[in-house]
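Trainee: I would like to learn how to read a model like this one, feature by feature. Could we begin with what the words mean and then turn to the case itself?

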Amino acid sequence: MRKQRPDYPAIEDYAAIGNLRTTALVSRFGSLDWCCMPQLDSPSVFAAILDHRRGGRFRVAPATGPQRGEQSYHHDTNVLDTWWESADGRLTVTDFMPLSGEVGRNGGAPPVIYRVLRCAGGEVEVEIEWCPRFDYARSFPSMQCGPASAVAIDGSAMVSLTGLPAAGEITESMDGGPALNVRLRLRDGDVVPLVLEYSNAGDGVPATRPDPTAWETALESTATMWRNWLHNRDAGEECDFAGPWQELVDRSGLALKLLTYPRTGAIAAAATASLPEHIGGERNWDYRYTWIRDASFTAQALVALGHSDEAVEFLRWAEDVTRRDAASGGELHLMYTLDGVADIPERELTHLEGYRGSTPVRVGNKAAGQFQLDIYGELLDAAWEMVRLGVDIDEELWPFLSDVADQACANWNRPDYGIWEVRSEPRHFVYSKVMVWVALDRALRIAERFGLPADTERWTSTRDAVHSTVLERGYSEERGAFVQAFGDTALDAANLNIPLVGFLPVEDPRVQSTLDVYLDELTEDGLVYRYRTDATDDGLAGEEGAFGLTTFWMIDALALSGRIEEARTMFEGVARRANHVGLFAEQFDPRSGAFLGNFPQAFTHIGLINSAVYIAHAEGRTVPSPAPLGSREEREGRDA
C-alpha cells in the first residue's frame with residue numbers, strides 16, 4: 001500500500017543545500033519546499049514549508065511505493081542524496097547548487113539547482129511536480145511548457161526547468177495556479193539531470209537540453225570545493241579535537257559555511273523565516289539576517305575549525321557596518337541584511353497559513369529597530385577577538401570603538417529589550433548590563449595593549465559601577481541565582497555567559513549556585529530553556545521549545561567548572577538529537593524530540609562546535625588557540 005506524504009513534513013525531515021548565496025530545504029519526501037532567490041534574504045520562490053497549498057514546491061519522488069526516502073550527504077560536502085528502495089528498483093535524487101573557483105568572495109555561485117535522477121536496478125516510475133511561486137506566493141506566475149523544458153515568469157523574475165526527457169502537462173495546482181506535472185519511467189542505468197535556474201525574464205530561456213555531462217563536472221567541482229574548504233585549515237592548527245564527535249563538528253562547520261555570504265563576510269542566523277517555536281503559536285520570526293551579537297561566538301567556532309581568516313573577515317564586517325552607521329549619524333544596529341542594510345521592516349504574510357497552521361507568518365524583523373545594550377559588549381568583544389587572533393587595532397578603527405565605549409558609559413543605566421528581543425516593555429536585563437561591563441573591559445584591554453588614547457578613568461569607574469550594581473541587584477540570595485532583570489525572580493539562561501565572558505570566575509559560588517538552580521528549573525531532559533514563558537512577560541502568548549544555544553552555554557559553563565561528566569552527558573544527549581543528516585534547528589520539544597524554530601540554525605551549530613572545544617580543553621586535550629573564552633588561560637591573557 002502506498003504511504004501518502006504529509007502536508008507538512010517534520011522540520012527534522014529536511015536537509016539543506018546551498019551555494020553561499022542562498023539555500024534550499026529538501027525533505028525526505030523528495031520535495032524542495034523552501035528556497036529564496038537570488039539570495040538567502042530575497043523573497044521565496046518555493047515556500048511550501050510555510051503553506052503546503054500555496055507556497056510552491058519542486059517535488060521529485062517515486063509514483064508508487066513508500067514516499068518517505070532516506071537521505072545522506074556526500075562525505076564532507078553539502079551535496080545531498082535522497083533515495084527510495086522498492087521491489088521495482090532504486091531511485092536516487094542528487095541535489096546540489098554548483099560552486100566553482102574558491103569557496104569565498106572570488107567563487108562562482110550562480111542561482112542554479114541541479115536535481116539529478118538516477119535509476120539502479122529494475123524500473124521506477126517518477127512523478128515531478130514543479131510549481132514556483134514568486135515573492136512569497138503573493139501572485140501566480142505565467143508558465144510555458146516545451147518538449148523538454150518549462151519556464152515560469154513573474155514580472156522581471158524567471159525560473160526555468162530544463163533537461164526534461166518528456167513533455168509535461170501544465171495543470172491547476174491546489175492553490176488554483178499553474179503547475180507542471182511530468183511522469184517518467186526510468187530504467188536501470190538511466191540518468192536524468194534536471195536544471196533549475198533563476199534569471200531575469202529578459203535574458204531569454206536557457207537551452208532546453210543542457211550538456212548531458214555538464215552535471216558530472218559541476219558535481220565533481222562542487223564536492224571538491226566543499227571538501228577543500230573543510231580540510232584546508234590554517235597551517236599548524238590542531239582541528240581534530242572533538243574525538244567521537246568530530247564528524248558532527250565537521251557537519252556543523254559545513255552548515256555554518258552554508259549560511260555565509262562571502263560577498264560581504266556576513267553570516268545568516270538561519271536559512272528560513274517563520275518556522276514556529278511552538279506549533280500553532282505566534283513565535284515565528286525571520287532569521288535570514290546577521291546579528292552583531294553572533295560575532296565573537298562565531299569567530300570562536302570558526303577558529304576551532306581552523307578558519308581564522310574567515311573569522312576575522314566576519315568580525316571586520318561586523319565592525320565595518322556598525323562604524324558606517326555611526327559615521328552617518330545613525331544609531332548602532334543589532335542586525336543587518338546580508339548586504340549590510342539595517343532597515344528591515346517586518347511584514348505579516350496573511351495569505352500564508354504558516355507551518356502546520358502557525359501564524360502569523362513574518363518576513364523582515366521588527367527587532368532591528370530595538371535598543372539593546374548588549375550590542376556594545378558584543379562589538380567590543382568582537383574587536384578583542386580580532387586582537388586574540390593576532391589582528392592589530394589601528395588608529396582608523398579605534399575612534400569608532402572608543403565611541404562605542406563612551407556610549408556604553410552614557411547608556412548603561414537605561415532599560416532595554418534584551419538579548420531575546422522581547423516584545424514587551426524594556427527592562428533592566430542582567431545580561432544586558434553584564435555586556436556593558438564586557439564593552440568597557442575590552443575597550444580598556446585594547447587601549448592598554450596598543451597604547452591608544454582612552455578615557456581610562458571614566459571607563460574604569462563605570463565598569464566597576466556596572467559590576468557592583470549587577471552583583472547587588474542581579475543576584476538573588478533567595479533564588480540562589482542570577483535573575484533575568486533587576487527586581488525580578490524569573491531566571492534567564494543568557495546569564496550562563498557570566499563566567500564565559502569573565503564577569504565572574506567560574507569557581508565563584510554565585511556562578512556555581514546559578515548553574516545548579518538553572519539545571520533544576522530551566523532544564524528538561526538535558527535541554528535548557530531560555531526562560532520559562534509562564535514566568536516572564538515577553539509580550540507574546542504561548543510557549544516555546546528548549547533552546548539549542550543555551551544548552552551548549554550550560555555545557556560550556558559545566559566544562560569550565562571541571563564538572564566534566566555532567567558536561568559530557570549533556571553534550572552526548574544533544575548530539576543524539578541531530579537529525580538524520582547531522583543538522584539542528586533553533587529549538588527542541590524536549591518530550592517528543594521534534595525540532596522547532598528556524599532551520600538549520602547557525603547558533604546551534606556554533607554552540608556545538610564551541611562546546612566540543614570546552615570539553616576537550618577541560619579534559620586536557622589540545623584545542624585550537626586562542627584558549628576558550630572564560631578559561632583560566634584566557635582570563636590571565638596568556639594567549640593574547
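Mentor: A residue counts as buried when its relative accessible area is under 20%, as exposed when it is over 50%, and as partly exposed in between. Please keep in mind that this is a predicted model. By that cut-off, both F584 and F588 are buried.

Trainee: How are the rings of F584 and F588 placed relative to each other, and what kind of pair do they make?

Mentor: Planes over 60 degrees apart count as edge-to-face. The ring centres of F584 and F588 lie 6.1 Å apart with the planes at 80°, so this pair is edge-to-face. Y287 and W291 are likewise both buried, and because their planes stand at 80°, with the centres 5.5 Å apart, their pair is also edge-to-face.

Trainee: How many aromatic pairs are there, and which rings link into a cluster?

Mentor: The count comes to 18 aromatic pairs, and ring pairs link F297, W420, F547, W553 and F603 into a cluster. Rings can also have a charge over them: the charged end of R414 sits over the ring of F371, 3.8 Å from its centre, while R115 lies over the face of F58, at 5.1 Å from the ring centre.

Trainee: Turning to strands, is β3 largely enclosed or open?

Mentor: Strand β3 covers residues 31-36, and six of its six residues are buried, so the rest of the structure largely encloses it. Strand β2, residues 23-27, runs antiparallel to β3 and is joined to it by three bridges, with V26 having L32 as its bridge partner in β3. The hairpin of β2 and β3 has three residues between the strands, and there G30 takes a positive phi near 80°.

Trainee: Which other strands pair with β3, and in what sense?

Mentor: Strand β5, residues 57-62, pairs with β3 in the antiparallel sense over two bridges, and S31 stands opposite R59 in β5. Strand β4, residues 44-46, also pairs with β3 in the antiparallel sense over two bridges, where C35 stands opposite F46 in β4.

Trainee: What should I look for when I come to salt bridges?

Mentor: Side chains of opposite charge can pair when their charged atoms come close. Here the count comes to 49 salt bridges. One of them joins the side chains of R53 and E353, at 3.1 Å from N to O, and this pair links distant parts of the chain, with R53 in the loop between β4 and β5 and E353 in the loop between β20 and β21, 300 residues apart. R53 is partly exposed, with a relative accessible area of 41%, and E353 is partly exposed as well, at 26%.

Trainee: Are R530 and E277 buried or exposed?

Mentor: R530 is buried, with a relative accessible area of 5%, and E277 is buried, with 1%. Their side chains meet in a salt bridge of 3.7 Å, N to O, and the pair links distant parts of the chain, 253 residues apart. In the salt bridge between R324 and D325, at 3.3 Å from N to O, R324 is partly exposed at 39%, whereas D325 counts as buried at 9% relative accessibility.

Trainee: Which residues are linked in a network of salt bridges?

Mentor: The network links D33, R57, R59, E123, E125, E127, E129, R183, R185 and R187.

Technical notes: Residues are numbered from 1 along each chain as its sequence is written. This is a predicted model: local features need pLDDT of at least 70, side-chain atom pairs count only at pLDDT 80 or more; totals for chains, interfaces and linings use all residues. Side-chain values use heavy atoms; hydrogens and water are left out. Buried means under 20% relative accessible area, exposed over 50%, partly exposed in between (1.4 Å probe, protein chains only). Helices (H or I, at least four residues) and strands (E, at least two) are DSSP runs, numbered from the N terminus. Two strands pair if DSSP finds at least two bridges between them. Rings of Phe, Tyr and Trp (its six-membered ring) pair if their centres lie within 6.5 Å; planes under 30 degrees apart count as stacked, over 60 as edge-to-face and the rest as tilted. A charge sits over a ring if NZ of Lys or CZ of Arg is within 6 Å of the ring centre and within 35 degrees of the ring normal. A salt bridge is a side-chain nitrogen of Lys or Arg within 4 Å of a carboxyl oxygen of Asp or Glu.
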